[in-house]
Amino acid sequence: SQVSLEEESQNPPAVGHWKPLMPSKGDKEEPEGGCQDAGGVHEAQSTEQLNVSRLRSSSVEIREKGSEFLRDELHKAQKELKLKDKECERLSKVREQLEQELEELTASLFEEAHKMVREANTKQAAAEKQLREARGKIDMLQAEVTALKTLVITSTPSSPNRELHPQLQSPSKGGFRKGHGRNKSTSSAMVSAASQNVAPEPVSRECREVDSILFAEFQAWKESPTLDKSCSFLDRIYREDVGPCLDFTKQELSELVRVAVEQNTLTIEPVASQAVPVGKVAAEECGGPKKCALSGLPRTCKHRIMLGDSGNYYYISPSCRARITAVCNFFTYIRYIQQGLVRQDVELMYWEVMRLRREMSLAKLGFYPSEM
(Lines give C-alpha, C1' and ligand atoms only; values in the text may rest on other atoms or scores of the structure.)
Protein backbone atom coordinates (compact mmCIF):
# COMPACT_ATOMS: atom_id res chain seq x y z
CA SER A 1 0.00 0.00 0.00
CA GLN A 2 2.89 2.36 0.76
CA VAL A 3 4.45 1.56 -2.66
CA SER A 4 1.23 2.39 -4.43
CA LEU A 5 1.02 5.68 -2.54
CA GLU A 6 4.55 6.56 -3.57
CA GLU A 7 3.80 5.73 -7.23
CA GLU A 8 0.72 7.84 -7.15
CA SER A 9 2.63 10.72 -5.64
CA GLN A 10 5.24 10.43 -8.41
CA ASN A 11 2.61 10.10 -11.22
CA PRO A 12 -0.15 12.58 -10.52
CA PRO A 13 -3.45 11.85 -12.33
CA ALA A 14 -4.04 13.59 -15.68
CA VAL A 15 -6.68 16.26 -15.50
CA GLY A 16 -8.38 17.41 -18.76
CA HIS A 17 -9.17 20.97 -19.77
CA TRP A 18 -12.66 22.13 -19.17
CA LYS A 19 -14.54 23.42 -22.22
CA PRO A 20 -17.49 25.70 -22.33
CA LEU A 21 -20.90 24.07 -22.52
CA MET A 22 -21.94 25.86 -25.65
CA PRO A 23 -19.35 25.20 -28.33
CA SER A 24 -18.65 27.65 -31.07
CA LYS A 25 -20.04 27.20 -34.55
CA GLY A 26 -16.82 26.27 -36.21
CA ASP A 27 -16.02 23.51 -33.87
CA LYS A 28 -17.88 20.31 -34.41
CA GLU A 29 -15.60 17.93 -32.66
CA GLU A 30 -15.39 19.75 -29.33
CA PRO A 31 -18.18 17.83 -27.69
CA GLU A 32 -16.44 14.58 -28.32
CA GLY A 33 -13.20 15.89 -26.93
CA GLY A 34 -15.03 17.15 -23.83
CA CYS A 35 -16.59 13.79 -23.26
CA GLN A 36 -13.28 12.15 -23.46
CA ASP A 37 -11.84 14.54 -20.91
CA ALA A 38 -14.72 13.95 -18.52
CA GLY A 39 -14.19 10.21 -18.79
CA GLY A 40 -10.53 10.61 -17.81
CA VAL A 41 -11.44 12.63 -14.79
CA HIS A 42 -13.89 9.99 -13.66
CA GLU A 43 -11.27 7.33 -14.08
CA ALA A 44 -8.71 9.32 -12.09
CA GLN A 45 -11.21 9.91 -9.29
CA SER A 46 -12.10 6.24 -9.13
CA THR A 47 -8.39 5.31 -9.03
CA GLU A 48 -7.79 7.77 -6.24
CA GLN A 49 -10.73 6.44 -4.28
CA LEU A 50 -9.43 2.91 -4.79
CA ASN A 51 -6.01 3.90 -3.51
CA VAL A 52 -7.54 5.61 -0.49
CA SER A 53 -9.60 2.52 0.32
CA ARG A 54 -6.53 0.35 -0.06
CA LEU A 55 -4.61 2.69 2.23
CA ARG A 56 -7.39 2.56 4.78
CA SER A 57 -7.57 -1.21 4.67
CA SER A 58 -3.78 -1.52 5.02
CA SER A 59 -3.73 0.89 7.99
CA VAL A 60 -6.53 -1.05 9.66
CA GLU A 61 -4.61 -4.26 9.09
CA ILE A 62 -1.44 -2.74 10.55
CA ARG A 63 -3.38 -1.46 13.56
CA GLU A 64 -4.91 -4.87 14.17
CA LYS A 65 -1.54 -6.60 13.90
CA GLY A 66 0.05 -4.05 16.24
CA SER A 67 -2.71 -4.43 18.81
CA GLU A 68 -2.42 -8.19 18.60
CA PHE A 69 1.35 -7.98 19.15
CA LEU A 70 0.86 -5.68 22.11
CA ARG A 71 -1.75 -8.03 23.59
CA ASP A 72 0.72 -10.90 23.30
CA GLU A 73 3.48 -8.90 24.97
CA LEU A 74 1.13 -7.79 27.72
CA HIS A 75 0.07 -11.37 28.31
CA LYS A 76 3.72 -12.45 28.56
CA ALA A 77 4.52 -9.62 30.96
CA GLN A 78 1.53 -10.53 33.14
CA LYS A 79 2.70 -14.15 33.29
CA GLU A 80 6.24 -13.08 34.28
CA LEU A 81 4.81 -10.71 36.88
CA LYS A 82 2.74 -13.51 38.39
CA LEU A 83 5.80 -15.77 38.54
CA LYS A 84 7.79 -13.02 40.22
CA ASP A 85 4.96 -12.40 42.71
CA LYS A 86 4.95 -16.09 43.59
CA GLU A 87 8.73 -16.06 44.01
CA CYS A 88 8.54 -12.96 46.23
CA GLU A 89 5.84 -14.59 48.32
CA ARG A 90 7.92 -17.72 48.71
CA LEU A 91 11.01 -15.73 49.71
CA SER A 92 9.01 -13.68 52.20
CA LYS A 93 7.75 -16.87 53.81
CA VAL A 94 11.31 -18.20 54.01
CA ARG A 95 12.46 -14.93 55.58
CA GLU A 96 9.65 -14.99 58.15
CA GLN A 97 10.51 -18.58 59.02
CA LEU A 98 14.19 -17.72 59.44
CA GLU A 99 13.37 -14.69 61.59
CA GLN A 100 11.12 -16.80 63.80
CA GLU A 101 13.81 -19.48 64.18
CA LEU A 102 16.39 -16.78 64.96
CA GLU A 103 14.16 -15.26 67.64
CA GLU A 104 13.54 -18.66 69.21
CA LEU A 105 17.27 -19.45 69.17
CA THR A 106 18.13 -16.06 70.69
CA ALA A 107 15.53 -16.49 73.40
CA SER A 108 16.79 -19.97 74.25
CA LEU A 109 20.40 -18.75 74.38
CA PHE A 110 19.51 -15.86 76.67
CA GLU A 111 17.53 -18.16 78.92
CA GLU A 112 20.42 -20.62 79.10
CA ALA A 113 22.87 -17.79 79.82
CA HIS A 114 20.69 -16.41 82.63
CA LYS A 115 20.36 -19.91 84.04
CA MET A 116 24.14 -20.38 84.03
CA VAL A 117 24.64 -16.97 85.68
CA ARG A 118 22.12 -17.81 88.39
CA GLU A 119 23.79 -21.16 89.05
CA ALA A 120 27.23 -19.51 89.16
CA ASN A 121 26.02 -16.84 91.58
CA THR A 122 24.45 -19.48 93.79
CA LYS A 123 27.63 -21.54 93.82
CA GLN A 124 29.75 -18.47 94.49
CA ALA A 125 27.55 -17.41 97.39
CA ALA A 126 27.72 -20.92 98.85
CA ALA A 127 31.50 -21.03 98.44
CA GLU A 128 31.92 -17.61 100.06
CA LYS A 129 29.72 -18.70 102.95
CA GLN A 130 31.77 -21.85 103.43
CA LEU A 131 34.96 -19.81 103.25
CA ARG A 132 33.72 -17.38 105.91
CA GLU A 133 32.69 -20.25 108.17
CA ALA A 134 36.03 -21.98 107.69
CA ARG A 135 37.95 -18.76 108.36
CA GLY A 136 35.88 -18.19 111.50
CA LYS A 137 36.70 -21.66 112.75
CA ILE A 138 40.37 -21.22 111.92
CA ASP A 139 40.45 -17.87 113.71
CA MET A 140 38.86 -19.36 116.81
CA LEU A 141 41.30 -22.27 116.84
CA GLN A 142 44.25 -19.96 116.32
CA ALA A 143 43.06 -17.73 119.16
CA GLU A 144 42.79 -20.68 121.50
CA VAL A 145 46.20 -22.05 120.52
CA THR A 146 47.84 -18.64 120.86
CA ALA A 147 46.31 -18.09 124.28
CA LEU A 148 47.43 -21.50 125.49
CA LYS A 149 50.95 -21.00 124.11
CA THR A 150 51.27 -17.63 125.77
CA LEU A 151 50.08 -18.93 129.12
CA VAL A 152 52.34 -21.98 128.99
CA ILE A 153 55.46 -20.11 127.80
CA THR A 154 55.19 -17.44 130.49
CA SER A 155 55.03 -20.06 133.25
CA THR A 156 58.36 -21.50 134.44
CA PRO A 157 59.37 -23.18 137.69
CA SER A 158 61.39 -20.17 138.73
CA SER A 159 58.71 -17.68 137.74
CA PRO A 160 55.32 -19.40 137.67
CA ASN A 161 52.39 -17.71 135.97
CA ARG A 162 49.91 -16.84 138.70
CA GLU A 163 47.05 -16.86 136.16
CA LEU A 164 47.72 -20.55 135.57
CA HIS A 165 48.18 -21.20 139.30
CA PRO A 166 45.64 -19.13 141.21
CA GLN A 167 46.52 -20.96 144.40
CA LEU A 168 49.80 -19.04 144.45
CA GLN A 169 47.96 -15.77 144.89
CA SER A 170 47.37 -14.66 148.46
CA PRO A 171 43.87 -13.56 149.40
CA SER A 172 45.14 -10.11 150.30
CA LYS A 173 46.71 -9.69 146.88
CA GLY A 174 44.04 -11.31 144.82
CA GLY A 175 42.56 -8.04 143.63
CA PHE A 176 45.78 -6.04 143.13
CA ARG A 177 49.37 -7.20 142.64
CA LYS A 178 52.36 -4.95 143.03
CA GLY A 179 55.47 -5.28 140.96
CA HIS A 180 56.42 -5.19 137.27
CA GLY A 181 54.33 -7.26 134.86
CA ARG A 182 55.56 -8.57 131.48
CA ASN A 183 54.13 -6.70 128.53
CA LYS A 184 52.79 -9.11 125.96
CA SER A 185 51.61 -8.27 122.43
CA THR A 186 48.31 -9.44 121.05
CA SER A 187 48.21 -11.59 117.96
CA SER A 188 46.03 -11.49 114.90
CA ALA A 189 44.26 -14.57 116.13
CA MET A 190 43.08 -12.63 119.19
CA VAL A 191 41.68 -9.83 117.06
CA SER A 192 39.95 -12.31 114.76
CA ALA A 193 38.57 -14.20 117.74
CA ALA A 194 37.17 -10.96 119.17
CA SER A 195 35.43 -10.29 115.86
CA GLN A 196 33.85 -13.75 116.07
CA ASN A 197 32.45 -13.06 119.55
CA VAL A 198 35.09 -15.29 121.14
CA ALA A 199 36.39 -14.01 124.47
CA PRO A 200 39.60 -15.80 125.43
CA GLU A 201 41.40 -14.84 128.60
CA PRO A 202 43.21 -11.53 128.28
CA VAL A 203 46.93 -12.23 128.04
CA SER A 204 48.23 -8.75 127.24
CA ARG A 205 47.65 -5.21 128.35
CA GLU A 206 49.36 -2.95 125.89
CA CYS A 207 48.25 0.59 125.15
CA ARG A 208 47.45 1.59 121.58
CA GLU A 209 46.71 4.88 119.92
CA VAL A 210 45.56 5.35 116.34
CA ASP A 211 47.83 7.47 114.17
CA SER A 212 45.58 9.93 112.33
CA ILE A 213 47.69 10.06 109.15
CA LEU A 214 48.04 6.29 108.81
CA PHE A 215 44.38 5.75 109.64
CA ALA A 216 43.27 8.34 107.06
CA GLU A 217 45.42 6.67 104.39
CA PHE A 218 43.97 3.26 105.28
CA GLN A 219 40.41 4.59 105.19
CA ALA A 220 40.99 6.14 101.76
CA TRP A 221 42.40 2.84 100.50
CA LYS A 222 39.51 0.88 102.07
CA GLU A 223 36.97 2.91 100.08
CA SER A 224 38.48 1.55 96.86
CA PRO A 225 40.91 -1.28 97.71
CA THR A 226 43.55 -2.00 95.10
CA LEU A 227 46.95 -3.67 94.90
CA ASP A 228 48.43 -0.78 92.94
CA LYS A 229 51.36 0.56 94.93
CA SER A 230 50.88 4.07 93.58
CA CYS A 231 48.29 4.83 96.29
CA SER A 232 49.60 6.55 99.42
CA PHE A 233 48.68 3.65 101.75
CA LEU A 234 50.60 0.92 99.87
CA ASP A 235 53.36 3.29 98.80
CA ARG A 236 54.23 3.99 102.45
CA ILE A 237 54.14 0.27 103.37
CA TYR A 238 56.33 -0.62 100.38
CA ARG A 239 58.89 2.01 101.36
CA GLU A 240 58.88 1.38 105.10
CA ASP A 241 58.17 -2.36 105.43
CA VAL A 242 57.93 -4.52 102.31
CA GLY A 243 61.01 -3.15 100.54
CA PRO A 244 63.38 -3.37 103.54
CA CYS A 245 61.98 -6.74 104.60
CA LEU A 246 62.68 -8.32 101.19
CA ASP A 247 66.06 -6.63 100.72
CA PHE A 248 68.52 -9.53 100.86
CA THR A 249 72.17 -9.84 99.96
CA LYS A 250 71.44 -11.57 96.65
CA GLN A 251 69.77 -8.62 94.91
CA GLU A 252 68.72 -10.45 91.74
CA LEU A 253 67.06 -13.30 93.61
CA SER A 254 65.52 -10.79 96.04
CA GLU A 255 63.80 -9.02 93.16
CA LEU A 256 62.42 -12.33 91.86
CA VAL A 257 61.12 -13.18 95.34
CA ARG A 258 59.42 -9.77 95.63
CA VAL A 259 57.68 -10.22 92.28
CA ALA A 260 56.56 -13.75 93.19
CA VAL A 261 55.16 -12.53 96.52
CA GLU A 262 53.23 -9.72 94.80
CA GLN A 263 51.82 -12.15 92.21
CA ASN A 264 51.06 -14.77 94.87
CA THR A 265 53.10 -17.43 93.05
CA LEU A 266 55.73 -18.18 95.71
CA THR A 267 55.77 -21.58 97.41
CA ILE A 268 57.45 -22.38 100.74
CA GLU A 269 57.86 -25.98 101.85
CA PRO A 270 59.95 -27.76 104.48
CA VAL A 271 63.15 -29.40 103.35
CA ALA A 272 62.81 -33.15 102.86
CA SER A 273 65.61 -35.67 103.12
CA GLN A 274 65.99 -36.02 99.35
CA ALA A 275 68.86 -34.43 97.49
CA VAL A 276 68.68 -31.31 95.33
CA PRO A 277 67.06 -32.01 91.88
CA VAL A 278 69.68 -32.56 89.23
CA GLY A 279 69.70 -30.24 86.24
CA LYS A 280 67.58 -27.53 87.81
CA VAL A 281 69.88 -24.89 89.32
CA ALA A 282 73.52 -25.02 90.35
CA ALA A 283 74.24 -25.69 94.00
CA GLU A 284 75.92 -22.31 94.44
CA GLU A 285 72.83 -20.55 93.09
CA CYS A 286 70.11 -22.34 95.05
CA GLY A 287 72.10 -22.76 98.25
CA GLY A 288 71.68 -25.96 100.19
CA PRO A 289 70.67 -27.40 103.53
CA LYS A 290 73.71 -25.67 105.01
CA LYS A 291 73.73 -22.43 102.97
CA CYS A 292 71.05 -19.78 102.48
CA ALA A 293 70.41 -18.79 98.87
CA LEU A 294 69.21 -15.28 99.78
CA SER A 295 71.79 -14.21 102.32
CA GLY A 296 74.67 -16.35 101.03
CA LEU A 297 75.63 -17.20 104.62
CA PRO A 298 76.20 -20.68 106.03
CA ARG A 299 72.98 -21.40 107.86
CA THR A 300 70.91 -24.47 108.60
CA CYS A 301 68.09 -24.28 106.05
CA LYS A 302 64.90 -25.99 107.11
CA HIS A 303 62.78 -24.66 104.24
CA ARG A 304 63.04 -23.98 100.55
CA ILE A 305 61.10 -21.76 98.13
CA MET A 306 59.98 -22.12 94.53
CA LEU A 307 59.16 -19.11 92.33
CA GLY A 308 56.10 -19.79 90.20
CA ASP A 309 56.15 -23.00 88.18
CA SER A 310 59.86 -22.88 87.37
CA GLY A 311 60.61 -26.03 89.35
CA ASN A 312 63.77 -24.43 90.78
CA TYR A 313 64.12 -24.64 94.56
CA TYR A 314 66.10 -22.19 96.71
CA TYR A 315 67.06 -23.12 100.27
CA ILE A 316 66.50 -20.34 102.82
CA SER A 317 67.42 -19.82 106.45
CA PRO A 318 64.83 -19.42 109.24
CA SER A 319 65.41 -15.66 109.35
CA CYS A 320 64.79 -15.24 105.60
CA ARG A 321 61.76 -17.48 105.85
CA ALA A 322 60.37 -15.29 108.67
CA ARG A 323 60.83 -12.15 106.57
CA ILE A 324 59.16 -13.69 103.49
CA THR A 325 56.33 -15.13 105.58
CA ALA A 326 55.64 -11.77 107.23
CA VAL A 327 55.31 -10.07 103.84
CA CYS A 328 53.14 -12.90 102.49
CA ASN A 329 50.82 -12.63 105.51
CA PHE A 330 50.41 -8.90 104.86
CA PHE A 331 49.58 -9.37 101.17
CA THR A 332 47.17 -12.21 101.97
CA TYR A 333 45.25 -10.03 104.39
CA ILE A 334 44.91 -7.03 102.07
CA ARG A 335 43.83 -9.37 99.24
CA TYR A 336 41.07 -10.68 101.53
CA ILE A 337 40.01 -7.08 102.19
CA GLN A 338 40.03 -6.31 98.47
CA GLN A 339 37.86 -9.38 97.74
CA GLY A 340 35.39 -8.40 100.47
CA LEU A 341 36.05 -11.47 102.62
CA VAL A 342 36.89 -9.53 105.81
CA ARG A 343 33.73 -8.56 107.71
CA GLN A 344 35.14 -6.41 110.48
CA ASP A 345 35.08 -2.85 111.63
CA VAL A 346 37.47 -0.46 109.89
CA GLU A 347 39.43 0.16 113.07
CA LEU A 348 39.91 -3.56 113.72
CA MET A 349 41.16 -4.04 110.17
CA TYR A 350 43.51 -1.09 110.65
CA TRP A 351 45.02 -2.60 113.80
CA GLU A 352 45.43 -5.95 112.06
CA VAL A 353 47.36 -4.19 109.29
CA MET A 354 49.50 -2.45 111.91
CA ARG A 355 50.21 -5.81 113.57
CA LEU A 356 51.30 -7.26 110.24
CA ARG A 357 53.55 -4.24 109.69
CA ARG A 358 55.08 -4.81 113.10
CA GLU A 359 55.79 -8.44 112.19
CA MET A 360 57.59 -7.30 109.04
CA SER A 361 59.66 -4.80 111.04
CA LEU A 362 60.61 -7.39 113.63
CA ALA A 363 61.50 -9.95 110.96
CA LYS A 364 63.67 -7.37 109.21
CA LEU A 365 65.52 -6.75 112.49
CA GLY A 366 66.17 -10.50 112.85
CA PHE A 367 63.47 -11.51 115.35
CA TYR A 368 61.58 -14.68 114.50
CA PRO A 369 59.88 -17.51 116.43
CA SER A 370 62.07 -20.34 117.57
CA GLU A 371 59.94 -22.96 115.81
CA MET A 372 61.07 -21.61 112.44
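Starting at the N terminus, the elements of the protein go α-α-α-α-α-α-β-α-β-β-α-α. That makes nine helices and three strands, where helices (H or I, at least four residues) and strands (E, at least two) are DSSP runs numbered from the N terminus. Keep in mind that this is a predicted model: local features need pLDDT of at least 70, side-chain atom pairs count only at pLDDT 80 or more, and totals for chains, interfaces and linings use all residues. Residues are numbered from 1 along each chain as its sequence is written, and side-chain values use heavy atoms, with hydrogens and water left out.

Of the 372 residues, 25% are buried, meaning under 20% relative accessible area, with exposed over 50% and partly exposed in between (1.4 Å probe, protein chains only). If you take contacts (heavy atoms within 4.5 Å) between residues at least 6 apart in sequence, 65% of them join residues at least 24 apart.

Now for the sheet. It is open, has three strands in the order E1-E2-E3, and its pairing is antiparallel; two strands count as paired if DSSP finds at least two bridges between them. E1 and E3 stand at the edges with a single partner strand each, so one side of each has no neighbour in the sheet. From one strand to the next, the twist averages 30 degrees. Between E1 and E2 there are five bridges, in the antiparallel sense, and Thr267 has Met306 in E2 as its bridge partner.

Next, look at helix H6, residues 251-262. Its 12 residues reach 17 Å from first C-alpha to last, close to the 16 Å expected at 1.5 Å a residue (the expected span is 1.5 Å times one less than the number of residues). Which residues of H6 are buried? They are Leu253, Ser254, Val257, Arg258, Ala260 and Val261. These cover an arc of only 165 degrees around the axis, which puts them on the same side of H6; the arc is that of the directions from the helix axis to the C-beta atoms.

So what covers them? The cover includes strands E1 (266-270), E2 (303-307) and E3 (313-316), along with helix H8 (318-338). H6 lies across E1, E2 and E3 and runs at about 75 degrees to E2, with axes fitted to C-alpha atoms, for helices over the stretch in contact, and angles from 0 to 180 degrees between N-to-C directions. After H6 comes Asn264, whose phi is positive, near 60 degrees.
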